[in-house]
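Biologist: I am new to this structure, and I would like to learn how to read it. Could you walk me through it step by step?

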Amino acid sequence: MNEQGAGPAEGISDSAARAARDLRVVFSRLRRRIREVAESEELTPPQVSALTLIAKHGAATASALAVAEGVRPQSMATTLGALDRHGLIRRSPDPDDGRRQLVTLTDAGRQRVEGDRQAREEWLARALQDRFTEDERQRVLEGLTLLERLTRP
């Protein structure tokens, strides 16, 4: 936007500004919808997020998880306590510093994360199958190839 908020910043076309705005909105909605697919009533969004983070990065301390999630250590401790009660995480002494504990997933935690991932992928594939023609799915793939450029440095 320009200084008055009336249009795109100098040097940015109207189409680029509109595409940026629309893309952000659509991705936000899609991300929210995908998260809803596999969420269960027993885990809160912060618990699901922490579980996914542990699955992605492996063993971590509670303080490292708090930093990665952008929450206070006390909030992460509460989240981890709930995951522990559900039997989804395991805590063990940090071999480098016995005062700290490392958090890892249990087998049940790994199954939960994998089940959630699979449910999300299946929902998205089914939605693409049911709501788009083959030609439209090919156009989506072409668009994703173009959008991939945005992820490059």
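Modeller: Gladly! Let us begin with strands: two of them count as paired if DSSP finds at least two bridges between them. Keep in mind that this is a predicted model. Here, I89 stands opposite L105 in β2.

Biologist: How many bridges join strand β1 to strand β2?

Modeller: Six bridges join them, and the two strands run antiparallel. Strand β1 covers residues 89-94, while β2 covers residues 97-105. With two residues between them, β1 and β2 form a hairpin.

Biologist: Let us pick one residue, then. What does L65 touch?

Modeller: Leaving aside residues up to four places away in sequence, L65 touches L53, I54, A60, M76, L80 and V103.

Biologist: And the surface? Which residues form a nonpolar patch there?

Modeller: That patch consists of F132, V140, L141 and L144, with about 320 Å² of accessible area together. One of these residues, L141, is found in helix α6 (residues 134-148).

Biologist: Why does L141 count as partly exposed?

Modeller: Partly exposed lies between the cut-offs of under 20% for buried and over 50% for exposed. L141 counts as partly exposed because its relative accessibility is 47%.

How values were computed: Residues numbered from 1 in each chain as written. Predicted model: local features only at pLDDT ≥ 70, side-chain atom pairs only at ≥ 80, totals over all residues. Heavy atoms only, no water. Helix = DSSP H or I, 4+ residues; strand = E, 2+ residues; numbered from the N terminus. Patch = residues over 30% accessible without salt bridge, like charges linked within 9 Å, V, L, I, M, F, W, Y side chains within 5 Å. Areas by Shrake-Rupley, 256 points an atom, 1.4 Å probe, with all protein chains shown as cover. Salt bridge = Lys/Arg side-chain N within 4 Å of Asp/Glu carboxyl O. Buried < 20%, exposed > 50% of the residue type's maximum accessible area, 1.4 Å probe, protein only. Contact = heavy atoms within 4.5 Å.
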